[in-house]
Amino acid sequence: MLKSLQIEPEKCTGCLQCEMACSYEATGLFNPAKSRIKVFTFHEEGRFVPYTCTQCEEAWCMHACPVEAIVVNQATGAKEVLEDICVGCKVCTVACPFGTINYVQDTKVVAKCDLCGGDPECPKACPTDAITYVDADHTGLERMRAHAAQS
Amino acid sequence: MAWTKNVLRINLTDGSISKEPLNMEWANDYLGQRGLATKYLVEEIDPNCDALGPDNKLIMTTGPLTGTMVSTGGRYSVVTKSPLTGVLACSNSGGFIGNELKNAGWDMIIFEGKSPKPVYLYIENEKAELVPADEIWGKSVWEADEYLHKKYQDPLLRIAAVGRSAEAGCLYSGIINDLHRAAGRSGVGTVMASKNLKAVAIRGTRGVGNIQDSAAFMKATTEAKKVLAENAVTGEGLPALGTQVLMNVINEMGALPTRNMKEVQFEGAGDISGEAMLEPRESDGKPNLTTNAACFGCTIACGRISTIDRTHFTIENKPEYWGNSGGLEFEAAFALGSDCGVNDMDVMTYAQFLCNEDGYDPISFGCTVAAAMELFELGAITTKETDGIEFKFGSAEALAKAAEWVATGEGFGKDLGLGSKRLCEKYGHPDLSMTVKGQEFPAYDPRGIQGMGLAYATSNRGACHLRGYTVASEVLGIPVKTDPLETDGKAELVKAFQDGSAVVDSAGICAFTTFAWSMEDIAPQIDAACEGDWSVDKCMEVGERIWNLERDFNNAAGMTAADDTLPKRLLKDAANVGPAKGRVNDLGKMLPEYYELRGWTADGKLTDETRARFGL
């Protein structure tokens, strides 16, 4: 069973524990600047919204890559960057409609969410379950349940 | 480790900037943030210097846990000599800038001297530069924030700034970061403005590491987060109602300061409570509270994000205040509400927005307005001073005007910016000032919560709830319930809370964790992150050392045992209603025992033995 990250912004408090967990897993440091999941604050509206790669099936980044440095992990469905092959051309960052793959100056290659190899850290770090890792076919299950309860 | 071990020193007089290694011997004795920065300050300034002169220094400092995955690990503090109290100021703030400073690779910034012209400090990791602040001097914090974000085209830039109140010399101006978080108390913003320093803008992308034992740290912080999540206060009460969860509780026990502390219960408490913030309003069907919000790394998320009713008289013609911003917390709600006799949530939220927009402490502001209202009702202040406004208890109009005046220092705002002590002296009624060492009281009347009287009287920064929050024990039963009307055992309780708080404030975490965490939860997290021994005993020893260091400085700055007291009203006039009816605060029963437990002389000075014990 494939799983997906499910994000429910209305539960997010903007604490950035997810950004720390992500950066720590990826770089060994607590460094929100290097996180592949980002939390956006809409101050005037009083809203916090986490956002990251949704692992498109026909991934724009993967198709755009001229050196085939982005590959599918069959076990997780994640589109992963092969850092040894990536040449840092950044074409994928242009191709991605969502902005969730980005160039990293320190490493000179791109980085994106890889679902931590199937055991993602961000949902574990989220204190309010705004980020969960659920059955990819049923990301709407809890919302359906909520509406079902009202019917 | 966990410290970056780098100190950024900025000489504002000559514009020189240097990097120096953190004194690790001191770090071992004082941990970080509050303790360690105080050690630096004490070593570097004359205790008798003019707080607003170039000889005072101002330190922005993080703790070893700031910027790590520990819950609430985003705290930073500002340490300096206070212009309000004449003794140490140490103001702690959340938001996001503490983490940013740490991520840029710095444990602390020491500002010294005074810039000949207004400047701001821009930091991008290793790079630090002073930049002329002509475009933002004379502007509010919110305008400065917007200008700097636009100028650097960097939405992730984190900014701390002073507002127009600080520039105008208001003695209780704070430093606002991330638009609505504040190093709020004791006039640290006034000191910053006196140095012609408008703002600090930081971008840090280097990462925080140097964790002594990563596996142990992740295990300890994960377990401690679980403790917070499962605790009724940190897991339920604070996220739902914020610190405002206390309004009705404190009112019911007859300890809610009302009308400049003349009374201990407020008939309008329900109207300004955390519960009331959830009630839909008539005009648009929306409640005052939009959502709760977290500071960096915080798994509690007690922050209030609120709106003001658009039809309210304060903002009906001011669309710039129609959006969400940081709303009422309990300390602000009592000061702007019950202490002024005001039960209008919208005018209070408006005043809170202005406190954030132009950087002044809502506690000191509200209490000063309350004192002015009492002076007005006595006839000592008249409509001549107040621009024709009837400055009476309960007046929403007076509160709104006062907030606007103090924001810019215009008109009567100049007097209100003096704080309660100087205002009451100026108008001939010094006894009406509800202050200790010149700083206004927080939201717990010590007639109804006896231990808090001792905590206020002996606090190293004047009246303050965060220096020894015995409310936890006396009201909430944390860690054990003590009788709020009893004085026996309170000296020991106050000392334990004071020493423990000094550790929390020095680690980089938030005081509110201690509703759930004891030192047994906190010490293992520090110990896993930092080199050296950070057992519970070591932490408490460090806390006690910090307390004594602060006291020693304050004594050297001219404070004496005579300053360890409360206003006459709280010592002589009994509470008129409620469970504490008939009671005054029995400070005299607690203070001598406290001095003895501290190892101080009868006149409140460190004995040679105490000095030797802590290496002071």
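Reader: What should I know before I start?

Author: It's a predicted model: local features need pLDDT of at least 70, side-chain atom pairs count only at pLDDT 80 or more, and totals for chains, interfaces and linings use all residues. Residues are numbered from 1 along each chain as its sequence is written, chains are lettered from A and ligands numbered from 1 in the order in which they are written, and side-chain values use heavy atoms, with hydrogens and water left out.

Reader: How many residues of chain A are in contact with chain B?

Author: Contact means heavy atoms within 4.5 Å. Here 22 residues of chain A touch 39 residues of chain B. Buried area is the accessible area (1.4 Å probe) that two parts lose on being put together, summed over both. The two chains bury about 2,100 Å² between them, with 62% of it on carbon and sulfur atoms. On chain A's side, Gln17(A), Phe30(A) and His43(A) supply 30% of the area buried against chain B, more than any other three residues.

Reader: Which strands make up the open six-stranded sheet in chain B?

Author: Strands (E, at least two residues) and helices (H or I, at least four) are DSSP runs, numbered from the N terminus. Two strands pair if DSSP finds at least two bridges between them. In chain B the order is β2-β1-β6-β3-β4-β5, with mixed pairing. β2 (16-21) and β5 (88-93) of chain B each have a single partner strand, so one side of each is left without a neighbour in the sheet. Look inside the sheet and you'll find β3(B) and β6(B) running antiparallel, joined by four bridges; Ile59(B) stands opposite Ile110(B) there.

Reader: What about the other open sheet, the one with three strands?

Author: That one runs β13-β14-β15 in chain B, with antiparallel pairing. Its edge strands are β13 (289-293) and β15 (325-326) of chain B. Four bridges link β13(B) to β14(B), and Thr291(B) has Ile305(B) as its bridge partner.

Reader: Where can I see a hairpin in chain A?

Author: Follow β2(A) into β3(A): four residues lie between them. The two strands pair antiparallel over five bridges, with Lys38(A) opposite Tyr51(A). In the turn, Gly46(A) has a positive phi of about 70 degrees.

Reader: Which residue other than glycine has a positive phi?

Author: Most residues other than glycine have a negative phi, and most peptide bonds are trans. Gln55(A) has a phi near 55 degrees, and you'll find Gln55(A) in the loop between β3 and α2 (60-64) of chain A. As for peptide bonds, the one from Ile478(B) to Pro479(B) is cis, with omega near -5 degrees. Pro479(B) sits in the loop between α17 (471-474) and α18 (490-507) of chain B.

Reader: Which residues lie nearest the centre of the second largest pocket?

Author: Rolling a probe the size of a water molecule over the atoms shows where empty space is left. On a 1 Å grid over the protein atoms alone, where a 1.4 Å probe fits, a pocket is an open set of points with protein on both sides within 12 Å along at least five of seven lines; lining residues have an atom within 4 Å of a point. This pocket is lined by 29 residues, and Ala33(A), Lys34(A), Asn102(A), Tyr103(A) and Val104(A) lie nearest its centre. β6(A) gives the most to the lining of this pocket, with three residues.
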